[in-house]
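Please have a look at the model first, and then I will go on.

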Amino acid sequence: MPIKSYLAHSQEGRKNDLIQSLSAIKECEITPSENHELIVIVTDTKSDNDDILLKEKIEAIESLKLLAMVSGFNSPQND
């Protein structure tokens with residue numbers, strides 16, 4: 001299960017739009033900054049492929065200006 005954290009910067013004046021868009025994605029947990037156009041995102045997906053699709057979905061959000069991965073962790077799956 002890939003677990004990653006990102007810093008997301010919104011387009012100028014569109015932080016609330018970005019918060020709403022990210023909040024609608026079930027694999028994302030967000031924490032908005034109180035004094036900057038910055039949002040911390042933690043993602044949790046079931047597979048590497050799901051992780052790739054999720055990142056593409058986040059990057060397609062119009063109110064997103066910049067997405068920077070802070071850390072990533074992939075736990076081994078028990079079969």
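If we set aside the neighbours within four places in sequence, K15 is in contact (heavy atoms within 4.5 Å) with S10, P32, S33, E34, H36, E37, L38 and I39. Before I continue, this is a predicted model, in which local features need pLDDT of at least 70 and side-chain atom pairs count only at pLDDT 80 or more, while totals for chains, interfaces and linings use all residues. Residues are numbered from 1 along each chain as its sequence is written, and side-chain values use heavy atoms, with hydrogens and water left out.

K15 belongs to helix α1, residues 15-23, where a helix is a DSSP run of H or I with at least four residues, numbered from the N terminus.

Which residues of α1 are buried? They are K15, L18, I19 and L22, and they cover an arc of only 100 degrees around the axis, taken from the directions to the C-beta atoms, which puts them on the same side of α1. The face turned away from that side carries N16 and Q20, which are exposed, or over 50% by that accessibility scale.

In α2, residues 48-59, the buried residues are D51, L54 and I58, and these fall within an arc of 65 degrees seen down the axis, so they line one face of the helix.

Methods:
Helix = DSSP H or I, 4+ residues; strand = E, 2+ residues; numbered from the N terminus. Expected span 1.5 Å × (residues − 1). Buried < 20%, exposed > 50% of the residue type's maximum accessible area, 1.4 Å probe, protein only.
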